[in-house]
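I am opening a notebook on this chain and will write down what I look up, one topic at a time.

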Amino acid sequence: MRNEHIQKLVMTGVFAALSYVVFTFLQVKIPLPGGDATSIHLGNAVCVLGALILGGPLGGIGGALGMTIGDLLDPVYVIYAPKTFLLKLCIGLITGLIAHNLGHITEKTDKKEITKWATLAAAGGLMFNVIFDPLIGYFYKLYIIGKPAAEVTLAWNITSTGINAVTSTIVSVLVYVALLPALKKSGLFFTNQKKGSTMIQKG
């Protein structure tokens, strides 16, 4: 059990690093009025994948840490770091709740059922982001940062967040299903997320 905790912590760090790399170096940044910007990226896909594999809390923390660090090191996004951490953590928590607490995907053997619940979980977590990222971003810019161009950038943020949600849902589910055999073979397939996890060590 102790070894499992260490492995899960290491995996959380891996997902944090991966989300940072994907978000920072594989994004398409779109400049907006007032020196602001939005971007098309797959950082959220890493967050969702982490939640599917590790469970909501650790998956969310990994994704949130990685993308928050990405914000802190970017002069355009640095002021949004607190918002990023909160929203990405919530993506992981919601994805994990649907996948593991409702769908019990690590206890299923039917590939179609696993794919169905993984898709529902990813869509649920990312739908939250589609709604609350632009909404919280709007009030964050207007009342905390004091940017008068918040209304102008809102439509762009909704569009980019929607694109990110669709692409991240597809990518995260495809990668998760593809990785399942390798995860089971390597002993990194964690089950019973709700009860503290039991790790399957055999292929």
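**Entry 1, the whole chain.** I began with the secondary structure, which comes to six helices and four strands. I was working with a predicted model, and I read its elements from the N terminus on as α-β-β-α-α-α-α-α-β-β. Next I looked up the overall dimensions, and the C-alpha atoms fill a box of roughly 55 × 30 × 25 Å along the principal axes. I then checked the radius of gyration, which is 17 Å for the chain and agrees with the value near 17 Å that a compact globule of 203 residues would have. Buried residues make up 48% of the 203 residues. I also looked at contacts between residues at least 6 apart in sequence, and 70% of these join residues at least 24 apart.

**Entry 2, α2 against α3.** Two packed helices are described by the angle between their axes and the distance between the axes, and I looked up both here. Helix α2, residues 43-54, packs against helix α3, residues 56-72, at an angle of about 155°, and their axes lie 6 Å apart. Since angles over 145 degrees count as roughly antiparallel, I noted α2 and α3 as roughly antiparallel to each other. The crossing of these two helices is right-handed. On the α2 side I listed Gly43, Asn44, Cys47, Gly50, Ala51 and Leu54, which meet Gly56, Leu58, Gly59, Gly60, Gly63 and Met67 in α3. The residues of this contact divide into five nonpolar, seven polar and no charged.

How do the axes of α2 and α6 cross, and within what distance do they come? I found that the axes of α2 and helix α6, residues 150-186, cross at roughly 40° and come within 8 Å. That makes α2 oblique to α6, and α2 passes α6 in a right-handed crossing. From α2, the residues Asn44, Ala45, Val48, Leu49, Leu52 and Ile53 take part, and they meet Asn164, Ser168, Val171, Ser172, Val175, Tyr176, Leu179 and Leu183 in α6. I sorted the residues of this contact into ten nonpolar, four polar and no charged.

Leaving aside neighbours within four places in sequence, I found alanine 45 in contact with Ser168, Val171 and Ser172. I also looked up the separation of the C-alpha atoms of alanine 45 and leucine 26, which are 19 residues apart along the chain, and the value is 12 Å.

I moved to helix α5, residues 111-145, in which asparagine 129 lies. Asparagine 129 is buried, with a relative accessible area of 2%. Not counting residues up to four places away in sequence, asparagine 129 touches Asn44, Leu87, Lys88, Ile91, Pro134 and Thr161. I had already met Asn44 among the residues of α2 that meet α3, and also among those that meet α6.

My last entry concerns leucine 18, which is found in helix α1, residues 2-25. Leucine 18 is partly exposed, with a relative accessible area of 38%. The C-alpha atoms of leucine 18 and valine 177 are separated by 18 Å, although these residues are 159 apart along the chain.

Key:
Residues are numbered from 1 along each chain as its sequence is written. This is a predicted model: local features need pLDDT of at least 70, side-chain atom pairs count only at pLDDT 80 or more; totals for chains, interfaces and linings use all residues. Side-chain values use heavy atoms; hydrogens and water are left out. Axes are lines fitted to C-alpha atoms, for helices over the stretch in contact, and angles run from 0 to 180 degrees between N-to-C directions. Angles under 35 degrees count as roughly parallel, over 145 as roughly antiparallel, 65 to 115 as roughly perpendicular and the rest as oblique. A crossing is left-handed if the near helix is turned anticlockwise from the far one by less than a right angle, and right-handed if clockwise. Contact means heavy atoms within 4.5 Å. Ala, Val, Leu, Ile, Met, Phe, Trp, Tyr, Cys and Pro count as nonpolar, Asp, Glu, Lys and Arg as charged, and the others, Gly among them, as polar. The radius of gyration is taken over C-alpha atoms; the globule rule is 2.2 Å times the number of residues to the power 0.38. Buried means under 20% relative accessible area, exposed over 50%, partly exposed in between (1.4 Å probe, protein chains only).
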